[in-house]
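Please read the following note beside the sequence and the model.

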Amino acid sequence: MLDKNLVKDILDEALSFGVDFAEVFAENSEGLTIRLVDGKVKEIDEGRIYGVGIRVFKDLFQAYAYTNIINRDSLLEAARKVAQAADCRDTSFVKAIDLVDLEIENKHKIIRAPETVKKVEKIGLIRRISESTYASNKLIFSADIKYLDKQRQILVANSEGVWAEDTQYRTRVFGAAMAQSGARVESATHSIGALSGFELYDDFDEKAFAEEMARKAVIKLSAEDCPSGKMPVIINNSFGGVIFHEACGHALEATAVAKGVSVFSNKLGQKIASDVVSAVDDATIPNAWGSTNIDDEGVKTQRKQLIKNGILKSYMIDKFNSRRMNMAANGTGKRQSYKFIPTSRMSNTFIEAGNSSFDDILLSTEKGLFAKTMSGGSVNPATGDFNFSVDEGYIIEKGKIKQPVKGAKLIGNCAEILQKIDMVGNNLELACGMCGSSSGSIPVTVGQPTIRVSEITVGGQK
Amino acid sequence: MQAKQFVEQLYDACSSVGLEEFQISYFCNRSENLEVFEQKVSKQSNNENQYIVLKIKYNGKIGEYTSQRFDEEDVSFMIEKSLENAKLIDAEQDDFFYDGSGSYQEVVPYVPLVNKLKNMDKICFLKEVEERAYQADKRVNKVIGSAYGYSEHKFIMRNSLGLNISDERTAAYAYVYLSVKEGNIIKTEAQETAFQKDDDFNPEILAKKAVDKALKKLNVFDIQSGSHQVMFKGSAFIDIVKMLAGLVSAKNIQEEKSKWQKMIGKSVASDCVSLIDNPFLEGGFGTLSHDYEGYPSSYKEVIKNGTLQTYLYGLKTAYNDGVSSTGNGDGNDIMVFNFYLKPGEQKKEDLFSKMINGVYIDELNGIHAGYDMVSGDFSFGASGFAVKDGCISHYLNQFTISGNIYDLMKNIVAVANDLDFDYGKIGSPSVWVGKLNLSR
């Protein structure tokens with residue numbers, strides 16, 4: 001994307017002002033979204049994200065500039081501006097840098113890069129899903145299916161001598177179905193996604209995808225209002241892992257930890273969850289939605305044990321916050337695009353499999369709520385208050401799944417809820433989503449086996 | 001190539017290849033941001049970003065491509081992609097460009113006091129905000145950040161039918177985000193300013209407002225789960241007003257996602273509710289003479305005394321319904337301007353004394369996930385104050401609030417006179433919504 005000599009000149013220019021770290025991030029991404037409503041192609045959004053961000057550190061100061069006016073003069077001028085902002089008095093110690101290619105083992109093989117696949121083939125895929133959705137149940141009256149893909153080409157070079165390039169391909173199908181019975185209308189969504197090319201859909205069961213989406217919409221037609229109050233809740237595997245993402249993950253990001261404002265700041269080695277909870281952030285899982293070879297700071301990604309048997313083992317740390325924390329960056333510095341300053345973020349984050357079977361968990365629950373599928377949530381890392389929504393829920397009575405309920409919100413506090421996870425299943429599964437924070441919206445995987453929380457506040461209309 | 005030069009080349013190229021109709025939009029954003037932590041500048045940024053959207057009409061359908069790269073080869077690339085996309089769209093509805101023949105009203109949008117800002121030492125201002133916050137009360141635990149931002153936006157839209165419009169705007173803000181602590185209780189609060197008046201340049205006022213709000217949260221109890229009388233603070237009801245914008249969007253109506261289909265002229269809310277879309281509000285954050293299809297914007301009372309008057313239309317959705325655009329088009333979407341519930345006559349304190357006991361909600365959480373437009377059901381995390389014997393009492397730890405938006409609109413008891421835009425274009429006064437289910 002950028003000539004190595006030019007990048008070296010930009011870094012040298014910045015360093016000549018006495019800053020102690022300089023970085024160039026360049027991005028050339030192409031994205032496509034096709035929206036099919038009721039069997040017809042209604043919208044196609046396509047475009048290119050293209051620009052460069054230049055960043056410098058001096059001690060605990062960080063300056064950033066981005067531009068998409070890309071020529072030698074404008075980039076050198078941007079480098080001068082950010083470096084001058086650091087207002088360094090001592091410019092005597094300026095080292096020369098030698099940019100060395102970072103050897104990156106590509107763990108995520110791509111067979112059919114999305115740009116090599118014709119749009120009609122992509123439209124064909126979502127058209128078939130749409131048709132299957134209607135065919136799966138006569139109560140379905142609308143299907144809204146989106147196909148998305150993105151090719152993200154990045155370059156990270158810095159004054160530590162790193163020259164790292166990576167191309168990340170992602171593809172996703174996101175569907176919504178609406179069902180009607182009498183005056184009652186309900187909707188449900190379903191999605192699949194991966195760090196992959198179009199081969200993701202080679203073995204993809206389109207019919208099963210459509211049927212699952214339709215099933216969720218139709219079941220809601222007979223769902224009653226969810227009861228409110230404190231109760232045991234069984235949270236299903238897969239996207240149920242959003243509970244860990246909100247209730248713990250965000251509060252383990254250096255973004256909150258470094259300033260000492262997270263509820264989990266200064267808690268390494270301490271018990272923050274019950275014994276049955278072990279959790280991992282692993283950006284190296286081949287082709288998983290939240291994976292990458294390197295992060296957006298040119299650091300190789302890794303598997304990190306966040307919690308082991310309830311004990312806090314590590315945080316997610318980016319380069320800048322690593323200075324405040326006196327700990328090494330661990331490949332978690334992420335940004336939506338060159339328009340964002342990177343910070344520590346989650347990748348594929350999940351609770352590890354435990355010993356209980358799904359049936360064990362269910363049978364040992366006298367009364368409560370079974371949260372079968374979830375939608376998103378949010379958290380305030382400083383207070384620990386979090387919330388997330390149940391998409392499809394059921395009442396549990398005497399160890400059996402009873403009538404469906406809808407519209408439940410679960411709320412709690414990070415510090416308490418992790419201690420209340422009392423059973424962890426053996427059926428670990430992952431699911432993809434998008435996560436928003438200060439460095440923008442990025443793809444993340446959440447996941448868990450089925451777990452039980454002995455008591456959590458459930459908010460419903462009943 | 002410079003973006004402006006690129007626009008000229010793209011325009012000429014589109015004209016010369018004999019396209020049916022085409023439109024080019026150019027956006028340019030410049031921004032500066034500063035953040036102070038522990039009396040040091042911790043973050044500073046200085047940014048510039050431009051992008052161009054090309055739309056081409058082919059057989060009645062519009063295809064588009066957005067680019068942030070302006071190389072020679074991108075001219076033909078953008079044309080090729082836009083045309084390809086137009087040919088793939090097979091929806092029955094035709095799409096349209098606007099010719100710019102209507103009359104555009106002169107507007108006075110929000111603008112910060114730019115000259116005063118130029119003379120302000122932003123770093124000193126932020127350092128003082130932080131210092132004053134710590135001095136304000138010993139229970140201030142951490143000033144998590146104080147930040148300043150300034151931005152300039154330019155927009156030009158031209159098309160082959162003769163439309164040629166442009167506008168420029170500037171914005172500035174500062175905010176402080178902090179936590180307070182007493183015993184084991186930690187609460188956070190933020191306060192923002194938009195540098196519109198002299199007081200906004202006083203760091204002490206900004207710090208004090210945040211601290212005062214935060215301290216009120218320390219006297220905190222759990223709510224008793226059950227059905228409670230609920231009133232929303234304007235800044236919290238803004239989240240509900242945003243949901244209303246979705247319900248009156250002609251796009252959602254035509255896609256059968258809103259239940260307010262065929263409800264024009266019918267009652268959708270209680271009599272005390274009027275919902276306004278006002279592009280002409282002086283000093284408004286959403287004040288603009290045109291929409292993002294270049295159509296002249298217009299003032300409208302979307303709901304008048306509970307009765308739905310109109311949906312919000314762009315060119316395509318208006319054509320489908322055989323009406324004129326209301327000037328709310330944004331390509332494939334619908335946009336709103338200054339969009340707010342019309343304030344009532346009574347003070348919120350008078351409403352508290354009528355409500356006697358209940359809850360005054362000042363914050364909603366998890367909006368993006370806890371609301372289903374199709375059924376109207378919602379369930380959010382919330383916090384706020386207990387109302388006891390007609391007065392604001394202690395704060396309440398996070399609880400859940402559940403209901404249905406269609407029912408909620410019909411059950412509104414009263415709307416107060418304290419309209420608040422919370423530094424944005426969506427506004428609301430305090431609203432008493434009757435009984436809702438709260439849980440803790």
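**Note on salt bridges, a strand and a loop residue**

1. Over all chains, the count comes to 69 salt bridges, a salt bridge being a side-chain nitrogen of Lys or Arg within 4 Å of a carboxyl oxygen of Asp or Glu. The model is predicted: local features need pLDDT of at least 70, side-chain atom pairs count only at pLDDT 80 or more, and totals for chains, interfaces and linings use all residues. Residues are numbered from 1 along each chain as its sequence is written, chains are lettered from A and ligands numbered from 1 in the order in which they are written, and side-chain values use heavy atoms, with hydrogens and water left out.

2. Glu255(B) and Arg35(A) form a salt bridge, with their closest N and O atoms 2.6 Å apart. Glu255(B) lies in the loop between α7 (250–254) and β9 of chain B and Arg35(A) in strand β1 of chain A, so this pair joins two chains. Helices (H or I, at least four residues) and strands (E, at least two) are DSSP runs, numbered from the N terminus. Both Glu255(B) and Arg35(A) are buried; buried means under 20% relative accessible area, exposed over 50%, and partly exposed in between (1.4 Å probe, protein chains only).

3. A second salt bridge connects Asp277(B) with Lys300(B), the closest N and O atoms being 2.8 Å apart. This pair links distant parts of the chain, since Asp277(B) belongs to strand β9 of chain B and Lys300(B) to strand β10 of chain B, 23 residues apart. Asp277(B) and Lys300(B) are both buried.

4. Glu301(B) forms a salt bridge with Lys342(B), where the closest N and O atoms are 3.9 Å apart. Here too distant parts of the chain are linked: Glu301(B) is in strand β10 of chain B, and Lys342(B) is in the loop between β14 (338–341) and α9 (348–355) of chain B, 41 residues apart. Glu301(B) is buried, with a relative accessible area of 19%, whereas Lys342(B) is partly exposed at 40%. Salt bridges that share partners also form one network, whose members include Arg35(A), Glu255(B) and Asp333(B).

5. Why is strand β2 of chain A described as largely enclosed by the rest of the structure? Of the 19 residues of this strand (residues 40–58), 15 are buried, so the rest of the structure largely encloses it. Strand β1 (residues 21–37) of chain A runs antiparallel to β2(A) and is joined to it by 17 bridges; two strands pair if DSSP finds at least two bridges between them. Asn28(A) stands opposite Tyr50(A) in β2(A). In the hairpin of β1(A) and β2(A), with two residues between the strands, Asp38(A) takes a positive phi near 50°.

6. With strand β3 (residues 61–67) of chain A it pairs in the antiparallel sense over seven bridges, and Ile54(A) stands opposite Ala65(A) in β3(A). With strand β3 (residues 61–67) of chain B, β2(A) pairs in the parallel sense over two bridges; there, Thr66(B) is the bridge partner of Gly47(A).

7. Asp291(B) lies in the loop between β9 (275–278) and β10 (300–304) of chain B. Asp291(B) is buried yet has no salt bridge, the nearest side chain of opposite charge being Lys300(B), 8.3 Å away (Lys and Arg count as positive and Asp and Glu as negative; His and the chain ends are not counted). The side chain of Asp291(B) reaches the backbone nitrogen of Glu293(B) at 2.9 Å, and a polar atom of that side chain lies 3.3 Å from the backbone nitrogen of Asn328(B).

Note on methods. Polar contact = N/O pair within 3.5 Å; in protein donor to acceptor, adjacent residues only side chain to side chain.
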